[in-house]
Amino acid sequence: MGLFQGPRIASMRKLLTYSRNVFVPVTDVCKNRCLYCGFRRDDGRVIRRQEAIDLLDRGARAGCTEALFSLGEAPWEVPGFSGRLKDAGIDDLIEYLIELSMLALEKGLLPHTNAGLLSKEEMRRLAPYNASMGLMLETTAEVEAHRSSPGKDPLLRLEAMAAAGELSIPFTTGILVGIGETREDRIRSIEAIKKIHATCGTIQEVIVQPFDPKDETAMAAIPPPRMETLVETVSMARSILPAEVAVQVPPNLADPLPLVEAGASDLGGISPVTPDWINPGRLWPTPEVLRSRLPGFQMVERLAVYPRFIDLGWHGSETRELVERLAGPDGLRRRDDSEISDRNRK
Ligand code: SF4
């Protein structure tokens, strides 16, 4: 299989990747209280099996290849959470994530779990069932937005990323722009990610995510970062990180054209069936709309694991058979497969 190292010229057009996913919000219970968060709920719940199965089925029918399992951080540390788990018929949340991942694999979807801070042992248990995993660094700075979020301690997050590296887990991380950090903080954050990657080589992509104000949060009146700031951050990230690490921008939160022109090469997960549960008011543009907005770029689907890591065999052992089925010779999604799904959806 040929190595894919990020953007490259194909028919004179720069390649932009994205993943067609179904977003499964496993629980919105979280031990942190980030001042910008609209996802966490005091009376949060755990997704029921049947509800998760229905979402996965919808994703599979819509031609998705990725199941994104997302949850609040260390919900088991929140008083009363074990009772909520029992009500849902679940003994252990990590076991439940494994069970949901196995269901996803059966339905042809590659799991990518973003569970916040996990211990190395918890990651070791989840790794065989995941094509890749993720944890946002957000920032290495101490910001007011994180004053009630012990899990956002940058040292803890960098340690977790290093532990994932020791386990050879293909990893997604990123920074959040506009939460009170400075330009120098953003450079330091990207440098910190670069350092982790230099040690373990497991970072597949770095998201440059703009803060998006939510009603009824403490930061509702704070404006989102300006486009100039985002463009400069993408450009800095592209020049600081090695070429093999993609820079990702979410096209539902900012106009992607100036950002891909600044060096971003990935548009992240785009779901035809579920909202972005972290930013539910921000609808994903369809790939067709994005294609029309991004002249000069060729959009192609990738899997939840990047081609380089398929070559290395670092994705979860239980995901191998499905990755083999879904990946084409270049390690991206097999084209005839996505073309068939496109036809089925019409
Ligand atoms: S942003 Fe994430 S970590 Fe922070 S409160 Fe919300 S769910 Fe928890």
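These legends describe close-up views of a predicted model. Local features need pLDDT of at least 70 and side-chain atom pairs count only at pLDDT 80 or more, while totals for chains, interfaces and linings use all residues. Residues are numbered from 1 along each chain as its sequence is written.

**View A. The largest nonpolar core.** This core has 85 residues. A nonpolar core is a set of buried Ala, Val, Leu, Ile, Met, Phe, Trp, Tyr and Cys residues joined through C-beta atoms within 7 Å; buried means 20 or more other C-beta atoms within 10 Å of the residue's own, placed from the backbone, and exposed means 12 or fewer. Among those with the most contacts inside the core are Val 24, Ala 67 and Leu 110. Strand E2 (residues 13-27) gives the largest share, seven residues. Strands (E, at least two residues) and helices (H or I, at least four) are DSSP runs, numbered from the N terminus.

**View B. Surroundings of Ala 67.** Leaving aside neighbours within four places in sequence, Ala 67 has contacts that include Val 22, Val 24, Leu 56, Leu 110 and Pro 111. Contact means C-beta atoms, placed from the backbone, within 7 Å.

**View C. Helix H7 (residues 227-240).** At 1.5 Å a residue (times one less than the number of residues), the 14 residues should span 20 Å, and the end C-alpha atoms are 20 Å apart, which agrees. Leu 230, Thr 233, Val 234, Ala 237 and Arg 238 are buried. Cover for the buried residues includes helix H6 (183-200) and strand E7 (203-210).

Notes. Two residues are in contact if their C-beta atoms, placed from the backbone, lie within 7 Å.
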